[in-house]
Amino acid sequence: MPIPARRPHVKWRRFVPAAAAALMAVVLTPTGAQSAAAGPKESRPVHSYADAIREAVWVDTRLDADGDGKTDRVAVDIVRPREPARQGRKVPVIMDASPYYSCCGRGNESQKKTYDANGDPVRFPLYYDNYFVPRGYAFVAVDLAGTNRSDGCVDVGGRSDVQSAKAVVDWLNGRGKAYTSRTGGERAKAGWSTGNTGMIGKSYDGTVANGVAATGVEGLKTIVPIGAISSWYDYYFAQGAPLYDSGPDWLSDYVESPEARARCQAVQQRLVDEAPRNGDFTRLWAERDYVPDADKVRASVFVVHGMQDLNVRAKHFGQWWDALADAGVDRKIWLSQTGHVDPFDFRRGHWVKTLHRWFDHELLGYDNGIDREPMADIERAPDRWTTDKVWPPRSAGATALRPGKGSAPGVGTLSLKPAAPGATETFTDDPKLGESDWAARIDTSTPSKAGFTTKPLTRALRLSGSSEVTVTATPSTSTAHLSAVLVDLGPDTIRDYTAAGEGITTLTDRTCWGPSTTGDSSCFKETKARTANVDHTVFSRGWADLGTYADADRGRPLTPGKRYTITLDLHASDHVVPAGHRLALIVGGTDAGLIDPPSTTPTLRLDLSRTSAELPVVGGAKEFATATAGSSYATPSGARLDGVAEPRSARPIPGGTP
């Protein structure tokens, strides 16, 4: 059986096609008495949280991942209001399917599930239960296969992970089987559920939501992926360049229950054998790539991502968003300046209110107008937000910028004008240095990077969407990694995304989001923005193994002295470079802390006439020309520019303990 080809690069979308927008309007038109003009606009906390029904069931996944001859059952902990059950009324479901409920905990305070002596759930991590159960929702917390109280094996985004949650959606809609115990035969029914399900979760949890939505399962009405993965290959590699010194087998072992580790050795070995560290795109990665199946998604999608997330990097939301746009899926997005942080911890009050309205609309059918509000909320400065009716904005246009020779080696220009034929720049990979060091010395000739800057801008310039950089380079060795980063050169106050907290500081005061019980508090520590005063900001980045120049799915040895051309996909972003600042493109080798170095230490010569950056400039080339007209290139001072600290090497744990 042939290995599915790696999908081609999908460029950022400027707008939802008119036909898709019309379809969305039809899909979003509420039906039934609840959605009438005089119907309810907001669910109210009228049910008792203390008296809510708390129970556990085990749903049959119809898989036997651990090969014990029995289909695997996943543990599903449920809390739902008692009053509707007494009245024979059904309720919708908010679901968080996670591998972290026992190994690592959820949220900023790493909460874990707890149980009473009978095995019934007592504490549900996070606030979803406290806030939404009194408002007429059930909350369902699913232990992925191989974790906590579930059978099966963790396969890191593969069929077992996805089926763990999909089987629960099926059961909630009357299509699956569940039992009152892990091994018994007494059946459990979901007659209390309307079937309308919304999945939510940060990182691995949100990734599972993406994967389930990509199956097109009926009954899944919406997903809210927060800092979520859209392709597991892109979590571990960037066009062949390894992002971590380990693979999915390590993560599987980390989150699995002790008993699962003992019985899942065959699955673990497959994660080793079929995910080679050479960066080749294999069948295993194709199974864990949800982007090609975006056209199967029936659910609406509310994406939340930190534009400075260096764990689940911003490419994940960008390519998922573009594919969903192509499929005409109803979408909403929040983009923050943080790293890998939940919106509950950077915009708490507004987030809970927005999420409440979103679920009311998507799961209860309330016509509260959220579908007619701006598509995007974007953080421009710490705690300062703007909105866009459509994202990226319709006026964003791909603009080709060209690097050119400057006044000193490695200190070049960036403009609309192509470089002269034969113009080159040279740098040598230094694995100890990365984007922060390169940007700090942008105006100084240094051996580890080639930097190119615009003139100081006479007016602000906005870049909105994904970028790509095409590089033509001649290596001196048989292996080479490349990095390309976009930098805003100028003073600013930003969230300190490389510090502990990744842009937030956790306080001691608590705020409460719903009623509490003795075993489950609704009160969580408040946070505030952690900021840094900087002279430069890296706002988009991308990497590649030059050996994938001919085939993104397969690397090959390079011939020293031979010229190669490759295009690097840069991460989606939305950034405004203010007037007086400069925009910079830097090309280097290993980006320390973010990709692993090659096996050699290459020197690379760039052919500037064959190198370019295609950037999503709002207003297009005309706006860029206007913003750079009437000024001259700054004379490099050679002074070091302050920025955030160099990114730290991260453990490959999306959403887990750092």
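Helix H11 is largely enclosed by the rest of the structure, because eleven of its twelve residues are buried. The model discussed here is a predicted one. The helix runs over residues 315–326 and spans 17 Å from its first C-alpha to its last, close to the 16 Å expected at 1.5 Å a residue. Its buried residues are Lys315, His316, Phe317, Gly318, Gln319, Trp320, Trp321, Asp322, Ala323, Leu324 and Ala325.

The surroundings of H11 include both helices and strands. Its buried residues pack against helix H5 (204–213) and helix H6 (232–236), and also against strands S12 (300–306), S13 (331–336), S20 (461–475) and S25 (564–577). Just after the helix, glycine 328 adopts a positive phi of about 70°. One of the buried residues of H11, Trp321, also takes part in a contact between a charge and a ring: the charged end of arginine 331 sits over the ring of tryptophan 321, 4.4 Å from its centre. A further arrangement of this kind involves arginine 149, which lies over the face of tyrosine 115 at 3.8 Å from the ring centre.

Phenylalanine 344 belongs to the loop between S13 and helix H12 (348–364), and tryptophan 513 to the loop between strand S22 (504–512) and strand S23 (523–529), so the pair ties together parts that are 169 residues apart in sequence. Phenylalanine 344 counts as buried because its relative accessibility is 6%, and tryptophan 513 is likewise buried, with a relative accessible area of 18%; the cut-off for this class is under 20%. Elsewhere, ring pairs link Tyr100, Tyr204, Trp232, Tyr233, Tyr235, Tyr236, Phe237, Tyr244, Phe281 and Trp285 into a cluster.

Aspartate 496 lies between strand S21 (481–495) and S22. Aspartate 496 is buried yet has no salt bridge. The nearest side chain of opposite charge is that of arginine 530, 4.3 Å away, whereas a salt bridge requires a side-chain nitrogen within 4 Å of a carboxyl oxygen. Leaving aside residues up to four places away in sequence, aspartate 496 touches Glu502, Gly503, Arg530, Thr531, Ala532 and Val644.

Note on methods: Residues are numbered from 1 along each chain as its sequence is written. This is a predicted model: local features need pLDDT of at least 70, side-chain atom pairs count only at pLDDT 80 or more; totals for chains, interfaces and linings use all residues. Side-chain values use heavy atoms; hydrogens and water are left out. Helices (H or I, at least four residues) and strands (E, at least two) are DSSP runs, numbered from the N terminus. The expected span of a helix is 1.5 Å times one less than its number of residues. Buried means under 20% relative accessible area, exposed over 50%, partly exposed in between (1.4 Å probe, protein chains only). Contact means heavy atoms within 4.5 Å. Rings of Phe, Tyr and Trp (its six-membered ring) pair if their centres lie within 6.5 Å; planes under 30 degrees apart count as stacked, over 60 as edge-to-face and the rest as tilted. A charge sits over a ring if NZ of Lys or CZ of Arg is within 6 Å of the ring centre and within 35 degrees of the ring normal. Lys and Arg count as positive and Asp and Glu as negative; His and the chain ends are not counted.
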